[in-house]
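Please read the points alongside the sequence and the model.

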Amino acid sequence: MTNFDEEAKGWDTDPMKVERARLVAEAIRKAIPLSTNMNALEYGCGTGLLSFALQADLGLITLADTSQGMLDVLSEKINAAGVTNMHPIKLDLETDPLPNKRYQLTYSLMTLHHIHDAKNIIHKFYALLEPNGYLLVADLDKEDGSFHTDGTTDVHKGFERSELQKWAEDAGFGNVAFSTAFEIRKNIDGNEKAFPVFLMSAKK
């Protein structure tokens, strides 16, 4: 199991993670029309790299994560930057009741493959959106299990885009579309291997 509390302090020192967030933010801007009138939820926000990249394009952003360590680092970053439209909360959608608030945009980056019942989370994302709201999910394409080289086993080995599209449509979403937002390159047994990261957009 990945210990995100322990990893939080050094998370932003990885240039790949910073660049990944920047390029996924670019892909989101291309996929849907953003507005400073939009209230948004990032689920699995970590240290907030993606939301910081989108912060100027959106209204109020709620940043949710299950890791207190990540949220602590995020709070320090928000305070240091003097940002007023980003608010962190601790939330586990697998076990906690749904928040009462509804959003015009919900997004996540590299979170879905860490969620045991990923299909059910898509339904919860749908419930959290206002009518005509957007969902954007960036995660790994289906891979052979070599992505997590640290021995992590409690994860999905990425997702088939067609399967994820069916989950979204079964939850009630329409206008489901995919693009490739980023490519993670890792050294696996002496060979460089590419792991594409898709961006799925869908509309309620």
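1. Helices (H or I, at least four residues) and strands (E, at least two) are DSSP runs, numbered from the N terminus. By this assignment the protein contains 6 helices and 7 strands, in the order α-α-β-α-β-α-β-β-α-β-α-β-β from the N terminus.

2. The model is predicted: local features need pLDDT of at least 70, side-chain atom pairs count only at pLDDT 80 or more, and totals for chains, interfaces and linings use all residues. Residues are numbered from 1 along each chain as its sequence is written, and side-chain values use heavy atoms, with hydrogens and water left out.

3. The C-alpha atoms fill a box of roughly 50 × 40 × 35 Å along the principal axes. Of the 204 residues, 48% are buried (under 20% relative accessible area, with exposed being over 50% and partly exposed in between; 1.4 Å probe, protein chains only).

4. The structure holds 8 salt bridges, each a side-chain nitrogen of Lys or Arg within 4 Å of a carboxyl oxygen of Asp or Glu. A network of them links E19, R22 and E26. R22 and E19 lie 3 residues apart in helix α2 (residues 15–31), and their closest N and O atoms are 2.8 Å apart. E26 meets R22 at 2.7 Å, N to O; these two are 4 residues apart in helix α2, about one helical turn.

5. R22 is partly exposed, at 39% relative accessible area. A further salt bridge joins E192 and R185, with 3.0 Å between the closest N and O atoms. E192 is exposed at 58%, whereas R185 is partly exposed at 47%.
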